[in-house]
Amino acid sequence: MDIRATVEPLFNDEYKGEPPSKRLLGYLQTQREKGRKIVGIYCGYAPMELIRALDLVPATLCAFSNATIEAAEAVLPANLCPLIKSSYGFIIKDACPFFAISDAVIAETTCDGKKKMFELIAERRPMHVMDLPQLPDEPEALDNWTVMIRKLQRFLESTFDRTTTDAEMEGAIRDANAKSRLMNRVFDYAALNPPVIGWEELYDVLFLAQGASGAEMAPILEGILAKLEKRKQGGYAHGAVDAPRVMVTGCPIAGDSAKVLSIIEEAGGVVVAIDSCSGMKPYATPIEERTGDPVRAMAAKYLKVPCSCMTPNSRRLTEMDRLTEKFRPDAVVDVVLQACHSYNIESYKVGESVQKKQGLPFLKIVTDYSQNDVGQIRTRVEAMLEMCRR
Ligand code: BJ8
């Protein structure tokens with residue numbers, strides 16, 4: 001049963017059925033009209049708390065549409081990750097409204113494709129590239145990443161002619177932690193068996209939460225939590241009561257690559273956990289408060305982001321264990337975007353862990369943003385769900 005047809009929608013009427021991207025854009029435009037500056041980001045390593053401490057507003061830039069890839073391929077190689085091609089295509093086609101209202105952009109040295117693409121767009125906005133340590137367990141990694149966050153602080157302070165204090169950063173950290181706690185309470189309703197929230201509604205919440213601060217999100221999230229509790233008390237279920245529960249991990253997916261999530265639910269499964277930067281990952285780790293060195297505290301948190309650009313990326317397996325414990329999936333789907341070598345290679349270890357340690361069916365899907373492989377993905381997902389039902 002699609003509960004949205006039978007129960008109160010999660011968002012209030014003020015949004016008038018607008019898609020979440022439009023709501024987020026409306027929010028950012030309002031902030032801009034109030035005189036606030038917007039900072040575009042592309043990655044889960046961008047330290048949001050520093051941005052907010054400087055009274056700047058973060059905006060995640062467009063990266064998830066197939067429509068901009070053809071234009072990008074005039075410059076970029078065709079055998080490049082679709083996320084990078086799509087991002088670049090949005091910029092050269094002037095098609096990303098979030099980039100259009102951004103006053104600066106933060107970039108990081110994650111994968112090769114992304115960092116070279118940043119060179120091509122560097123002239124279009126003030127841009128700061130952060131040198132991300134990729135051996136997170138080495139003792140100097142934390143020192144180096146702390147230095148990089150301080151350099152970003154200086155870049156933002158000089159670009160926007162302002163300064164921030166430790167107390168303001170501590171405040172932004174507390175605000176972010178409060179938002180994370182509320183977001184995790186929303187995720188708790190996907191962990192229920194049966195879940196009372198599906199992936200589309202989760203994405204709506206995640207989308208809006210990217211832009212707004214904890215204080216701004218708190219009343220919205222409290223309202224959503226009350227509605228979810230009502231659904232739970234009313235005995236509603238998202239999907240069939242006995243639907244196989246699926247955890248999705250891997251590359252960020254949204255827009256055209258969210259086809260995988262739709263296929264899982266169309267095939268009779270329910271997506272209960274989304275272990276990626278477009279899903280629950282940004283809310284997985286709190287930042288230590290009142291350490292006396294908020295920049296280092298931020299650095300410690302962001303170094304723990306379990307991205308495949310890190311080696312070893314053992315935290316990903318630990319995090320997946322935690323999510324398996326909490327969300328009790330019956331199967332795990334690892335989504336790898338074509339030509340993303342790091343997630344593709346890491347998939348072997350992930351599959352081994354899921355199958356041997358958790359004893360769960362595992363399906364690796366390598367895909368792009370086109371619709372060409374929908375039939376093939378559907379067949380493979382159906383076969384996996386069949387295994388769960390046996
Ligand atoms: S912290 S996952 S947002 S890098 S899919 S562009 S890695 S070739 S998106 Fe990511 Fe930051 Fe990591 Fe998260 Fe490259 Fe792979 Fe493409 Fe990727």
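Me: Which residues of α4 are buried?

Reply: First, the ground rules: this is a predicted model, where local features need pLDDT of at least 70, side-chain atom pairs count only at pLDDT 80 or more, and totals for chains, interfaces and linings use all residues. Residues are numbered from 1 along each chain as its sequence is written, and side-chain values use heavy atoms, with hydrogens and water left out. The buried ones are P82, L83, I84, K85, S86, S87, Y88, G89, F90 and I91.

Me: Against which elements do the buried residues of α4 pack?

Reply: Helices (H or I, at least four residues) and strands (E, at least two) are DSSP runs, numbered from the N terminus. Contact means heavy atoms within 4.5 Å. The buried residues of α4 pack against α3 (69-72), α5 (97-100), α6, β7 and β8.

Me: Which residues of α6 make the contact with α4?

Reply: On the α4 side, the contact uses L83, I84, S87, Y88 and I91. From α6 come G113, K114, M117, L120 and I121.

Me: Is β3 mostly covered or mostly uncovered?

Reply: Strand β3 covers residues 104-108. A104, I106 and E108 are buried on one side, V105 and A107 on the other. Five of its five residues are buried, and β3 is mostly covered.

Me: What is the bridge partner of I106 in β4?

Reply: Two strands pair if DSSP finds at least two bridges between them. Three bridges join β1 (residues 37-41) to β3 in parallel, with V39 opposite A104. β3 also pairs with β4 (residues 127-130), in the parallel sense over four bridges. There, the partner of I106 is H128.

Me: Which handedness does the β-α-β unit of β3, α6 and β4 have?

Reply: The helix here is α6, residues 112-121. A crossover is right-handed if, with the strands pointing away from the viewer, the path from the first strand over the helix to the second runs clockwise. The unit of β3, α6 and β4 is right-handed.

Me: Which are the edge strands of the open sheet of four strands?

Reply: The order is β6-β5-β7-β8, with parallel pairing. Five bridges join β5 (residues 245-250) to β6, and V246 stands opposite V271. Each edge strand pairs on one side only: β6 (270-275) and β8 (362-367).

Me: At what angle to β6 does α11 run?

Reply: Helix α11 (residues 259-266) lies across β5, β6, β7 (331-337) and β8. Its direction makes an angle with β6 of about 150 degrees.

Me: How many Å apart are G198 and V270 in space?

Reply: G198 is in the loop between α8 (166-191) and α9 (199-211). At 1% relative accessibility, G198 counts as buried. V270 is 72 residues away in sequence.

Definitions and conventions:
Buried means under 20% relative accessible area, exposed over 50%, partly exposed in between (1.4 Å probe, protein chains only). Axes are lines fitted to C-alpha atoms, for helices over the stretch in contact, and angles run from 0 to 180 degrees between N-to-C directions.
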